[in-house]
Amino acid sequence: MATSAPFANLELIAGKLDLFPYLESALASEQVSKHKPDPEVYLKTAANLAMQPSQCVVFEDSFPGITSAKNAGMKVVGVLSSHRKEELPNCHYYIEDYRNLSVKEILSLIA
């Protein structure tokens, strides 16, 4: 997980959902020197996971976040929870929310 928010925000959400045991990397604003749209947080996350950026898929709902992930060389799923498609940079795939997420479609981005 990679966020430009403070770790306290990440801890609040991921802790409440008990996600930390399932995360191999959790980076927040305190672990990077440059913030989105700079790709540092995503590049560090890929390194923590021992993966190439081209093997990563990022779910983002903000202009700087999408720009950051694209600058890192990652595939981007635009999450249209707070913006319309027209308000965001081009993404490789879009979802309205996570309920009808197609794993097959997501995997096709890195196949």
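**View 1. Arginine 99 lies in the loop between strand S3 (93-95) and helix H4 (103-110).** The model is a predicted one, in which local features need pLDDT of at least 70 and side-chain atom pairs count only at pLDDT 80 or more, while totals for chains, interfaces and linings use all residues. Residues are numbered from 1 along each chain as its sequence is written, and side-chain values use heavy atoms, with hydrogens and water left out. Helices (H or I, at least four residues) and strands (E, at least two) are DSSP runs, numbered from the N terminus. Arginine 99 has a relative accessible area of 72% and is therefore exposed; the classes are buried (under 20% relative accessible area), exposed (over 50%) and partly exposed (in between), computed with a 1.4 Å probe and protein chains only. Although 10 residues separate arginine 99 from leucine 109 in sequence, their C-alpha atoms are 19 Å apart in space.

**View 2. Arginine 99 and aspartate 97 form a salt bridge.** The closest N and O atoms of the two residues are 2.6 Å apart. A salt bridge is a side-chain nitrogen of Lys or Arg within 4 Å of a carboxyl oxygen of Asp or Glu. Aspartate 97 counts as partly exposed, because its relative accessibility is 27%. By this rule for salt bridges the count comes to 5.

**View 3. Lysine 36 and glutamate 60 meet through their side chains in a salt bridge of 2.7 Å, N to O.** The pair links distant parts of the chain, 24 residues apart: lysine 36 belongs to the loop between H1 and H2, and glutamate 60 to strand S1. Lysine 36 has 18% relative accessibility and so counts as buried. Glutamate 60, with a relative accessible area of 7%, is buried.

**View 4. Within helix H2, glutamate 40 and lysine 44 are joined by a side-chain salt bridge of 3.4 Å, N to O.** Because they are 4 residues apart in this helix, about one helical turn separates glutamate 40 from lysine 44. Glutamate 40 is buried at a relative accessible area of 15%, whereas lysine 44 counts as partly exposed at 34% relative accessibility.

**View 5. Helix H3 (residues 63-71) has Gly65, Ile66, Ser68 and Ala69 as its buried residues.** These residues lie on the same side of H3, because they cover an arc of only 160 degrees around the axis; the arc is that of the directions from the helix axis to the C-beta atoms. Their cover includes helix H2 (40-48), strand S1 (57-60) and strand S2 (75-79). At the start of H3, the backbone nitrogen of glycine 65 has a side-chain oxygen of serine 62 within 3.1 Å. Glycine 73 follows H3 and has a positive phi, near 85 degrees.

**View 6. Leu12, Ile13 and Leu17 make a nonpolar surface patch of about 340 Å².** Patches are made of residues with over 30% relative accessible area and no salt bridge; like charges are joined within 9 Å, and nonpolar side chains (Val, Leu, Ile, Met, Phe, Trp, Tyr) within 5 Å. Accessible areas come from the Shrake-Rupley method with a 1.4 Å probe, and for residues only the protein chains shown count as cover. Leucine 17 is placed in the loop between helix H1 (7-16) and H2. With a relative accessible area of 56%, leucine 17 is exposed.

**View 7. Arg84, Glu86 and Glu87 are linked in a network of salt bridges.**

Definitions and conventions
Contact means heavy atoms within 4.5 Å. A polar contact is a pair of N or O atoms within 3.5 Å; within protein, one must be able to donate a hydrogen and the other to accept it, and residues adjacent in sequence count only if both atoms are side-chain atoms.
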